[in-house]
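The pairs are grouped by where their partners sit.

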Amino acid sequence: MTAVPYPPDVTTLAALLQNVLSTASQVLSSVPELARYQFNCEANNQPSQLVVSIGAIADIKAVLALASSHANSKNAFAVHPISTGRNWGYSSAKANSATAVILDLAKLNNIQCEDAKLGIFTVQPGVTQQDLRCYLNQHQLKFMVPVTGAGPGCSILGNALERGYGITPYTDHFAAVNSIRGYLADGTLFRSAVAELDQSQHDLLDKTYKYGVGPYLDGLWTQSNLAIVTEISLRLKAEPEAFSAFYLQFATEYQFEQAQQIVFDILQKLEGVVGSVNIMDQRRVAAMLATNPNGAAAHQVMTEQQVASIAKTYDIPAWTIAGTLYGQKAVVKAAKHEVKRFAGKQCSKMVFSDSWLINTARTVLQWLPKTMLSAQRKMLNSLDAGINIMSGHPNQVALPLAYWRNPRLAVTKDQTLHPAADGCGLLWYAPLITMNSADMRRFIGHIRAVCPKYGIEPMITFTSLKHDTVDSTIPIVFNLADAAAVAQAKACLEELVSEGLKQGWVPYRLNLAQQASLLDPTLPFWQISAKIKQALDPHNIISPGRYQP
């Protein structure tokens, strides 16, 4: 199965597409119209010659029918659906094939509350984290948005289909998805067997039960190119009666093993009360609070002295644990007691977001001139933004990291950030690691040995998925305008992955270049996947090459 060739006459194809679309949708082909689809944080930009902005779901079927009817003609074309195109560091709006017409589904942004008591909501591809937050606020519905650090403008549906995760309850965002609906390449509308068997007029049961009847197919539509998803129905977590974020600090590098054991105990013994828990090293926290001391254009790692200076200014320890407790007041109170018991006297500092210390600091800083205690003010602002994220309110607190080596733009507080359009260089190394202190310590050594060789800042975060598995998100931040820096960043990622695989550290998701280089079509898993693709999309119409070697 090969990708269809791109038609030599783009004007002809544009006319064919516009002819089958309703007035709600539009073909974009001019340079100004295509400008916002050209940017990419990976330095893999390639011009998109055609984009179809979809304004009505029926137009997706019309485009697929056109693609099928022209599959063996000189006007053959493929399509690549995007939700909001804000997949920073993982291609943004870029297709994996130069043959593909981008289907921009951002205008499909309907939100439907299926049952306010049960907390079941249906969202389309264009629904962003902020859209859902605004909808809940407008309708006075007390639920939490499944936020990520990618920012308010990113798609709920897109993140779930990439099997993303966050720090709020229902950490695994795809696990909270109960039903998926959309189109196969031949225009077939798919839904679960429960929906097809249900003879009532309610259409609710399917949206409350994940696994349906018969073979479970919904997983096929995630990290794949087998269908175009038009809606997901998901379960949202009700806002808890009580909420308390906790921050545990460990002063020395050698206390990592203690920190890891505390996180393990919290996750295993407080399951259902605690959300995800992060462990961050000093350099990672420093990049959140301070500007790059070497300047954004420099392709060099901070010295130990520079890190120590930032750490002293902002009181950043060697390791920081950040997590959140949710539930009834009595439950959260008891859980806080347990966290204190697990941590004991092992950490150098323990802070809870609802503590008198934090509340007093907020009050004091509110009355002082803004020019005073600037470092403490910035720390508290960052803390509050993190607390908002943990409580299900999207914001940009994590996005400035992408600008750490961007000399083109200095981030300001009220600025709307768009790392791809703003020229940020960003790649991700995100392997899965067993929740084992020896394995995690070896991984730390791996990062700190490889990254500096390529001038990349070794910033480490471990995010717990369960008490037995963590994902480490390593941001490879570079100056996109510096060709040498781009080459170094890509070489760094390649070595991190290749050497990491030998240790059993497998990334949970891959960027476009990695999908092409790492996935072996001769192996049984990908042979099975190819057979499914051939059966469902014999003309290779949907996203050629995406998770399909």
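**Salt bridges in the predicted model**

R283 is buried, its relative accessible area being 11%. The model is a predicted one, and a search of the whole structure finds 21 salt bridges.

**Helix α8 to helix α9**
- R283 forms a salt bridge with E304, with N and O 3.2 Å apart.
- The pair ties together parts that are 21 residues apart in sequence, because R283 lies in helix α8 (residues 282-289) and E304 in helix α9 (residues 304-314).
- E304 is exposed, at 56% relative accessible area, whereas R283 is buried.

- E257 and R441 meet in a salt bridge, and their closest N and O atoms are 2.9 Å apart.
- E257 is partly exposed at 30% relative accessibility, and R441 is partly exposed at 24%.

**Loop to strand β4**
- A salt bridge joins the side chains of R36 and D104, at 3.0 Å from N to O.
- R36 sits in the loop between α2 (31-34) and β2 (51-53), while D104 is in strand β4 (residues 100-104); the pair links distant parts of the chain, 68 residues apart.
- R36 counts as exposed, with 53% relative accessibility, but D104 is buried, with a relative accessible area of 3%.

**A network**
- Salt bridges also link E114, R181, D203, D206 and K207 in a network.

**Background**
- Side chains of opposite charge can pair when their charged atoms come close.

Note on methods. Residues are numbered from 1 along each chain as its sequence is written. This is a predicted model: local features need pLDDT of at least 70, side-chain atom pairs count only at pLDDT 80 or more; totals for chains, interfaces and linings use all residues. Side-chain values use heavy atoms; hydrogens and water are left out. A salt bridge is a side-chain nitrogen of Lys or Arg within 4 Å of a carboxyl oxygen of Asp or Glu. Helices (H or I, at least four residues) and strands (E, at least two) are DSSP runs, numbered from the N terminus. Buried means under 20% relative accessible area, exposed over 50%, partly exposed in between (1.4 Å probe, protein chains only).
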